[in-house]
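Hi everyone, thanks for coming.

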Amino acid sequence: MLWTLGCTMNTTTAATYTTINGATTTGVSMWLFLLLCPPVLALLCSKLLRAFGLSPLAAARQKLPLPPGTMGWPYVGETFQLYSKNPNAFFAEKQKRYGSVFKTHILGCPCVMISSPDAAKFVLSTRATLFKPTFPASKERMIGRQAIFFQQGDYHACLRRLVVRAFGPDAIRDKVAGVEAAAIAALRSWNGRLINTYQEMKTYAFNVALLSIFDKDELCYIEEVKQCYYTLEKGYNSMPINLPGTLFHKAMRARRQLAERVAEIIASRRKRGVAATDLLGSFMEGKEALTDDQISDNIIGVIFAARDTTASVLTWIVKYLTENPRFLQAVTEEQEEVRRSKEQAEEGDKCLTWAHTKKMPITSRVIQETLRVASILSFTFREAVEDVEYQGYLIPKGWKVLPLFRNIHHSPDFFSEPDKFDPSRFEVAPKPNTFMPFGNGTHSCPGNELAKLEVLALLHHLTTKYRWSLPESGNGIQFAPFALPMNGLPMRVSLKT
Ligand code: HEM
């Protein structure tokens, strides 16, 4: 079926139908009467078109223009242009030239890229059923085909209920103490050292993810889970050649071992009769409980979703705060205030609480502005499951559709001086659908509360107890695969005296 957005069926399309209909008129009045009767007209048209091997919708589809843009060379398309420079520069250039909906051809796939808030909402939310999530087959094999990202429909809805049950605000408020302990331990291990900020943030984000997936009695398995995941991770961006010795082969073996460890943890939990509120508990309990294979695919998937994303955001926050001493001071003062209120609590209750994290407006705006400026997930992928009309253009079935979050976040129409880091802009809520760091609609990020909590906990201790410097200044960016400050932002950290 050909879908339209509201009243976007334009005059070109309507004219197309008229021309096809007009071709069947005769001089006889009865025939005229019959022919002008709309149902008969439609039937005749469709018969005529079928005689030529066309369905009415196929004909309409052929008349709709594709979005403007260029497709590049056969097979390779514009892949080299995209990767020979900063991909964000490629998207920005295209948008400037062709507007907010344009076509291109990347990595062997014809694509439509969209960079307006309405178009992103159309694809991700209001017409989400017309666009399925899409990943390279090798990524699906590595993460596991039953993981949440690749799903649509009832199974996806069930997985979301289970994930949100474990990561929604009600579940997360019990995790504050654990997340704070992980932040304290991470910072302590950095004291007096020159660290690779991104790598250390990855370790921290991994530890937080694991403590929200498993129980503390399962820690004995955790080291093995981590080792398997590290090997798996090395294969994510490798050539998908499954021959002994290749990174891909090693990754697939590590994946099987990881699934075995998860199966052991599940068996031990069943034996112990543990009923837990963590992610594994949510997957195992109740009438929507998953099979062991579904559980391991989704645990690997959540680690994959949680780790590099949160670590990149934390790395950018450190950079932006260091470069903007005025905001660093404001954040530090706000966190000092929280520290004082913690100290006034009863002995034994001097920890960070959920209530504290809700009283950090300045720090929260710094996080929002970092998510906007850095836009670490600069776009996402969908695939049209049928021919779709959007604003008079055809998005053919099977084409990839990429909502470009970063272009929206950097549009001067929605954010004045978009490249400037200015958290105070979030004192006023952004316009609807212009700020989507956690996506939008059916596949939006269920881990956003946990991500914000772990950033707040780390910033609380970093700003109140430590000082730091960045020996390598500069604006270099690397892609790994998210945009990152060059060399993972080396940072020297020491306790405040
Ligand atoms: C600052 C850190 C994070 C950012 C910027 C982020 C961003 C996103 C975005 C943009 C999506 C939607 C992708 C799409 O529509 O294709 C997403 C999905 C997802 N995220 Fe996050 N995320 C973060 C942290 C986390 C964490 C900590 C977790 C888990 C604890 C998590 C779990 C997930 C999952 C499971 C999905 C897939 C949801 C679905 O397909 O229904 N994310 N994330």
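Before we start, a word on UniProt annotations: their positions are given in the numbering used here, the feature names are shortened, and an annotation may be inferred rather than shown by experiment. Keep in mind too that this is a predicted model, where local features need pLDDT of at least 70, side-chain atom pairs count only at pLDDT 80 or more, and totals for chains, interfaces and linings use all residues. Residues are numbered from 1 along each chain as its sequence is written, and side-chain values use heavy atoms, with hydrogens and water left out.

Which protein atom is the donor to the iron atom of the ligand? There is a single one, the SG of Cys445, at 2.3 Å. A donor here is an N, O or S atom within 2.8 Å of the metal (3.2 Å for Na, K and Ca), and since water is not among the atoms, sites may look incomplete. The unreviewed UniProt entry has Cys445 under the annotation "binding site". You'll find Cys445 in the loop between α20 (405-409) and α21. By the way, those helix numbers run from the N terminus, and helices (H or I, at least four residues) and strands (E, at least two) are DSSP runs.

Is Cys445 buried, exposed or partly exposed? With a relative accessible area of 29%, Cys445 is partly exposed. The cut-offs are under 20% for buried, over 50% for exposed, and partly exposed in between (1.4 Å probe, protein chains only).

Now helix α21 itself, residues 448-465. Of its 18 residues, 16 are buried, so α21 is largely enclosed by the rest of the structure. We can check its length as well: the expected span is 1.5 Å times one less than the number of residues. For α21 that gives 26 Å, and its end C-alpha atoms are 26 Å apart, which agrees.

Next up, salt bridges. That's a side-chain nitrogen of Lys or Arg within 4 Å of a carboxyl oxygen of Asp or Glu. How many are there in the whole structure? The search finds 27.

Take helix α19, residues 361-374. In general, an α-helix has 3.6 residues a turn, so residues three or four places apart point the same way. Arg372 is buried at 0% relative accessibility, and Glu369 is buried at 0% too.

Another bridge joins Glu427 and Arg365 at 3.9 Å, N to O. Glu427 is in the loop between α20 and α21 while Arg365 is in α19, so this pair ties together parts 62 residues apart in sequence. Glu427 is exposed, at 55%. Ile362 is also in α19, and its C-alpha lies 8.2 Å from that of Ser424, 62 residues away along the chain.

Elsewhere, Glu224 and Arg261 meet in a salt bridge at 3.2 Å, N to O. Glu224 is in α13 (residues 219-235) and Arg261 in α14 (residues 247-272), so to speak distant parts of the chain, 37 residues apart. Glu224 counts as partly exposed at 41%, whereas Arg261 is buried at 13%. There's also a network of salt bridges linking Asp215, Asp217, Glu218, Arg269, Arg272 and Asp278.
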